[in-house]
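Work through the exercises below with the sequence and the model side by side. Try each task before reading its solution.

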Amino acid sequence: MSDIWEVAKRIAEWSNKERPMRCDLCNKPITKMEENIIPLWRMQTVVSLGFNPWKTPGIDMPTYCDPVALTNELKYKNWYQFVMNDTADWGLCNSCASAFQKATGVIPQFSKEGNVSFTFNVQTPEGTNDVYISGPFNGWNPKRDHLSRLSTGIWTITLEMPKDEVAEYKYTQGSWETVETAANQSFRPNRRIAVKRDNSGEFRIDDIVEEWKKPPK
Ligand SMILES: [Zn+2]
């Protein structure tokens with residue numbers, strides 16, 4: 001058997017061993033429960049759009065013990081090449097995952113497959129008769145996913161959604177002419193989901209609609 005096959009065999013044995021999982025950004029050990037997955041293509045996309053972990057608050061990149069102290073800029077250059085040539089999805093610890101989400105708007109997945117259940121609870125202004133939620137999960141349809149009234153001024157809906165496609169959304173009263181606005185009725189940017197992991201493994205989001213756009217008379 002040639003040397004190259006011997007090396008390949010050793011690499012295969014090594015990568016099949018149970019090794020402690022580590023965060024792919026800060027290199028701290030993580031548990032399986034803590035695994036926050038960023039699909040490789042998403043990681044490559046945000047990196048090519050400028051995501052730099054050395055410049056992201058909350059991400060503590062490891063210091064390498066090189067004889068020559070590399071500047072962060074050089075480390076970043078090496079790392080950039082590494083990301084672009086990588087072949088596997090990324091797994092982040094909880095603190096890197098939340099810093100990453102804040103910086104990029106990309107929501108980490110919590111397991112490799114399936115959908116996740118999000119419950120949206122929203123408080124609305126007085127006189128609201130109907131509330132819908134609109135986002136990429138329903139093709140930005142302003143009148144498809146209707147919320148149920150929990151009590152006066154509180155509405156709820158639970159949606160099963162693919163984890164990595166849920167990033168932005170808005171509430172409407174059934175049309176874009178009646179979409180939510182800021183308190184002074186000016187344009188309100190899309191909401192972004194802030195995911196909280198609770199004990200049941202589902203996610204609950206509490207929102208407040210300040211005002212609705214008034215339909216033209
Ligand atoms: Zn980390």
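**Exercise 1: the cores**

The largest nonpolar core has 14 residues, and Cys23, Leu92, Cys93 and Cys96 touch the most other members. The model is predicted: local features need pLDDT of at least 70, side-chain atom pairs count only at pLDDT 80 or more, and totals for chains, interfaces and linings use all residues. Residues are numbered from 1 along each chain as its sequence is written.

Task: find which elements give two or more residues to this core, and which gives the most.

Solution. 
- Step 1. A nonpolar core is a set of buried Ala, Val, Leu, Ile, Met, Phe, Trp, Tyr and Cys residues joined through C-beta atoms within 7 Å. Buried means that 20 or more other C-beta atoms lie within 10 Å of the residue's own; exposed means 12 or fewer; partly exposed is in between; C-beta atoms are placed from the backbone. Helices (H or I, at least four residues) and strands (E, at least two) are DSSP runs, numbered from the N terminus.
- Step 2. List the contributors. S1, S2 and H4 each give two or more residues to the core. H4 gives the most, with four residues.
- Step 3. Inspect helix H4 (residues 94–104). Its buried residues include Cys96, Ala97, Ala99, Phe100 and Gln101. The buried residues of H4 pack against S1 and strand S2 (90–92).
- Step 4. Follow Cys96. Leaving aside neighbours within four places in sequence, Cys96 is in contact (C-beta atoms, placed from the backbone, within 7 Å) with Cys23, Leu25, Cys26 and Ile59.

**Exercise 2: a helix pair**

Task: at what angle do H2 and H3 pack, and which residues meet?

Solution. 
- Step 1. Two packed helices are described by the angle between their axes and the distance between the axes. Axes are lines fitted to C-alpha atoms, for helices over the stretch in contact, and angles run from 0 to 180 degrees between N-to-C directions.
- Step 2. Helix H2 (residues 40–48) and helix H3 (residues 72–85) pack at about 145°, and their axes are 9 Å apart.
- Step 3. The crossing of H2 and H3 is left-handed. In that case the near helix is turned anticlockwise from the far one by less than a right angle; clockwise would be right-handed.
- Step 4. From H2, Met43, Gln44 and Val47 meet Tyr80, Val83 and Met84 of H3.
- Step 5. Sort the contact of H2 with H3 by class: five residues are nonpolar, one is polar and none is charged. Here Ala, Val, Leu, Ile, Met, Phe, Trp, Tyr, Cys and Pro count as nonpolar, Asp, Glu, Lys and Arg as charged, and the others, Gly among them, as polar.

**Exercise 3: a sheet**

Task: in what order do the four strands of the open sheet lie?

Solution. 
- Step 1. Two strands pair if DSSP finds at least two bridges between them.
- Step 2. S4 and S5 pair antiparallel over two bridges. Tyr132 stands opposite His146 in S5.
- Step 3. S4 and strand S8 (residues 168–172) pair antiparallel over three bridges. Ile133 stands opposite Tyr171 in S8.
- Step 4. S8 and S10 pair antiparallel over two bridges. Tyr169 has Arg191 in S10 as its bridge partner.
- Step 5. The order is S5-S4-S8-S10. S5 and strand S10 (191–192) are the edge strands, each pairing on one side only.

Definitions and conventions
Two residues are in contact if their C-beta atoms, placed from the backbone, lie within 7 Å.
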